[in-house]
Amino acid sequence: MESQKKCNMSEILRPEMPEGMALDISHHPLTMKHVANLIIATERMKAGTPESLLSAKDRDVKLFHIMRESVVEECVVLECHSNPPKHFLRTCQHQCSVTDTEQRNLVRDPNTMELNAVTLQAGSENHKVHLTMSTYVHPAASTEARPVALCIKDTNFYLSCHMKDNMPTLHLELVEDKSTMQRFSADSDMVRFLFYTRLSGLNITTFMSARYPGWYISTAEEDNKPVEMCTETDSRYRTFQIHQPLPAMSLKGYG
């Protein structure tokens, strides 16, 4: 027979939960015995008692007391949630090229080490920059935005955002050891290499600085001008189209 009393977690789990853990209740089928066993496992984890040290009799006695003291519905499931991760972790990479709103390609200026948005003529496609885009799992997970790092293909040059003259600016920065880009703290200076992508249409995206929210990679209205950072109110183009994405590459062998 189903109980008419709701599960009262404050009565069942009297001790405080470990830091970073919480219990939620949702209505999915789970037997009373399974619930009680989950509670025992949680309490044992809080007390630091290995399961091997509890005899079957001790577990049965603890289960009996829990079942006697608390009435648990048949339709209960416990979901354990941990604190958001404190690190960005690279999950995959793929190669691509991007064009801005005016269908201009990115071209690297060998003298200034800047990226310019240039309208390429037929036959000059080899001048455009190809990127290796790395996608990361991040602390503030979102289905709408994801953090990426942008590296010039076959080089160690990454796009980064720095503060210069009290204004976020875009740079091509040399990373000597690519393994440092695999995993890093959300509080570290490495966040300067990350940009949040947010799709706003068919394959159309923006690149917002993870270090300086509200600042976006952008291009000027004039042709052959540097790619820079801007805010939403600036009269610059902030949307890009990603072209020719290749299947995700294995991270094995990549630093």
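1. Pockets and cavities are found on a 1 Å grid over the protein atoms alone: a cavity is a set of points where a 1.4 Å probe fits but cannot get out, a pocket is an open set with protein on both sides within 12 Å along at least five of seven lines, and lining residues are those with an atom within 4 Å of a point. The structure discussed here is a predicted model, in which local features need pLDDT of at least 70 and side-chain atom pairs count only at pLDDT 80 or more, while totals for chains, interfaces and linings use all residues. Residues are numbered from 1 along each chain as its sequence is written, and side-chain values use heavy atoms, with hydrogens and water left out.

2. The largest pocket holds about 320 Å³ of space, a volume being the space filled by probe spheres set on the grid points, which are joined across faces, edges and corners. Its lining is made up of 15 residues, and those that lie nearest the centre are Glu114, Thr169, Leu170, Val227 and Glu228. Strand S5 (114-118), S8, strand S9 (167-174) and strand S15 (228-230) are the elements that give two or more residues to this lining, where strands (E, at least two residues) and helices (H or I, at least four) are DSSP runs numbered from the N terminus. The largest share, six residues, comes from S9.

3. By class, the lining of the largest pocket has 10 nonpolar, two polar and three charged residues; here Ala, Val, Leu, Ile, Met, Phe, Trp, Tyr, Cys and Pro count as nonpolar, Asp, Glu, Lys and Arg as charged, and the others, Gly among them, as polar.

4. The model holds four aromatic pairs, counted where rings of Phe, Tyr and Trp (its six-membered ring) have centres within 6.5 Å, with planes under 30 degrees apart called stacked, over 60 edge-to-face and the rest tilted. One of them joins Tyr136 and Phe184 in a tilted arrangement, 5.7 Å centre to centre and with 55° between the planes. This pair links distant parts of the chain, since Tyr136 belongs to strand S6 (residues 131-137) and Phe184 to strand S10 (residues 183-185), 48 residues apart. Tyr136 is buried at 4% relative accessibility and Phe184 is buried at 5%, where buried means under 20% relative accessible area, exposed over 50% and partly exposed in between (1.4 Å probe, protein chains only).

5. Another aromatic pair, Tyr158 with Phe193, is edge-to-face, at 6.0 Å centre to centre and 70° between the planes. Because Tyr158 lies in strand S8 (residues 157-164) and Phe193 in the loop between S10 and strand S11 (194-201), the pair ties together parts that are 35 residues apart in sequence. Tyr158 is buried, at 2% relative accessibility, and Phe193 is buried as well, with a relative accessible area of 1%.

6. Ring pairs also link Phe88, Tyr136 and Phe184 into a cluster. Elsewhere, Arg238 lies over the face of Tyr216, at 4.9 Å from the ring centre, by the criterion that NZ of Lys or CZ of Arg is within 6 Å of the ring centre and within 35 degrees of the ring normal.

7. On the cysteines, the structure holds zero disulfides, a disulfide being a pair of cysteine sulfur atoms within 2.5 Å. Cys96 is buried, with a relative accessible area of 2%, and Cys230 is buried at 0%.

8. Gln103, in the loop between S3 and strand S4 (105-109), has a phi near 60°, a positive value in a residue other than glycine, and is partly exposed at 46% relative accessibility. Met113, in the loop between S4 and S5, likewise has a positive phi near 60° and is partly exposed, with a relative accessible area of 28%. Most residues other than glycine have a negative phi.
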